[in-house]
Amino acid sequence: MERKLPKGTEQAIRQALKKTNSASEKKRILNRTQSLYNAFVREAPAPGGLNFLRSQYYGGLSVFAFYEAMDRKVGTDVLQEILWSMLAGGGDIHRKSPVRIRFSGTLMQRLAYALLDRYACFVNKQADSGRWKNTWKIAVNPEKHKNGISIPLMNCPVAAFAKKHGYEHLLPLFCGSDFKVAERYGMRLIREHTEAEGFDSCDFWYLMENEAEQ
């Protein structure tokens, strides 16, 4: 079954191509992007159902498909804008003041971790059994942080696909966008390492803007 390009990716590509390409050239590039995207999905599909990170993975493949459709001749600024639009709708991410919601040490935090524990147990079991390929494994607060939510991810399928196809130089765009997404929703991301840098996991420790790193 053919999959359409993620809506955010397609819209961002159309906007980028509108500035410098004719209508016929824009159509050709979009068609080639769609074809390459489907080829990538067929080569390395992600499991469906309860795989809540599936859209992020397919979004990554769509950016790689556009890069290849442009014969790898496209600026990182254009790719960054397409990636940003795909992840969080683009737009201004600046806030006049921090979001001051008490989250840490509350029932909301405990419920969030309880749900994440159950989901991580399910996903990791599927991945370890070999039934789920091309998906992330999840660790839940392994360093026992008191504040925020800590969910390091392992087995990054975007990094694996990029390294296989020679797109690894684009991975800093993906990793950097995680910080923008956090800021978009009034949080800040604390990160010390990623799989793109050769480590065995990617840090994801989210704090409200006014929370201490504890």
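Let me begin with conventions. Because the model is predicted, local features need pLDDT of at least 70 and side-chain atom pairs count only at pLDDT 80 or more, while totals for chains, interfaces and linings use all residues. Residues are numbered from 1 along each chain as its sequence is written, and side-chain values use heavy atoms, with hydrogens and water left out.

I turn to the pockets. Rolling a probe the size of a water molecule over the atoms shows where empty space is left. A pocket here is an open set of points, on a 1 Å grid over the protein atoms alone, where a 1.4 Å probe fits, with protein on both sides within 12 Å along at least five of seven lines; lining residues have an atom within 4 Å of a point. Grid points are joined across faces, edges and corners, and the volume is the space filled by probe spheres set on the points.

The largest pocket holds about 1200 Å³ of space. Its lining consists of 43 residues, and those nearest the centre are Leu53, Gln56, Leu153, Phe204 and Tyr206. Which elements each supply at least two residues of that lining? They are helices H3 (54-69), H4 (76-88), H5, H6 (157-165) and H7 (171-184), together with E5. Helices (H or I, at least four residues) and strands (E, at least two) are DSSP runs, numbered from the N terminus. Helix H7 gives the largest share of the lining, six residues. By class, 32 lining residues of the largest pocket are nonpolar, five are polar and six are charged. For these classes, Ala, Val, Leu, Ile, Met, Phe, Trp, Tyr, Cys and Pro count as nonpolar, Asp, Glu, Lys and Arg as charged, and the others, Gly among them, as polar.

The second largest pocket holds about 190 Å³ of space. It is lined by 13 residues, with Gln15, Ala16, Leu17, Lys19 and Val78 nearest its centre. Helix H1 (7-18) and H4 each supply at least two of its lining residues, and the largest share, four residues, is that of H1. The lining of this second largest pocket has eight nonpolar, three polar and two charged residues.

Next, charge pairing. Side chains of opposite charge can pair when their charged atoms come close. The criterion for a salt bridge is a side-chain nitrogen of Lys or Arg within 4 Å of a carboxyl oxygen of Asp or Glu. How many salt bridges does a search of the whole structure find? The search finds nine, and I shall present three of them.

Arg72 is paired with Glu68, their closest N and O atoms being 3.1 Å apart. Arg72 is partly exposed, at a relative accessible area of 35%; the scheme is buried under 20%, exposed over 50%, and partly exposed in between (1.4 Å probe, protein chains only).

Lys137 forms a salt bridge with Asp128, with 2.6 Å between the closest N and O atoms. Lys137, in strand E1 (residues 137-138), is partly exposed at 22%, whereas Asp128 is exposed at 54%.

Glu213 forms a salt bridge with Arg188, the closest N and O atoms being 3.3 Å apart. This pair links distant parts of the chain, 25 residues apart: Glu213 lies in the segment after strand E5 (205-208), and Arg188 in strand E4 (residues 187-190). Arg188 is partly exposed, at 26% relative accessibility.

On the surface, Leu50, Phe52 and Phe122 form a nonpolar patch with about 290 Å² of accessible area together. Patches are made of residues with over 30% relative accessible area and no salt bridge; like charges are joined within 9 Å, and nonpolar side chains (Val, Leu, Ile, Met, Phe, Trp, Tyr) within 5 Å. Accessible areas come from the Shrake-Rupley method with a 1.4 Å probe; for residues, only the protein chains shown count as cover. Phe122 belongs to helix H5 (residues 107-129).

I close with backbone geometry. Which residues have a positive phi although they are not glycine? Asp71, in the loop between H3 and H4, has a phi of about 55° and is partly exposed at 46%. Asn155 has a phi of about 65°; Asn155 lies in the loop between strand E3 (153-154) and H6, and is partly exposed at 42%.
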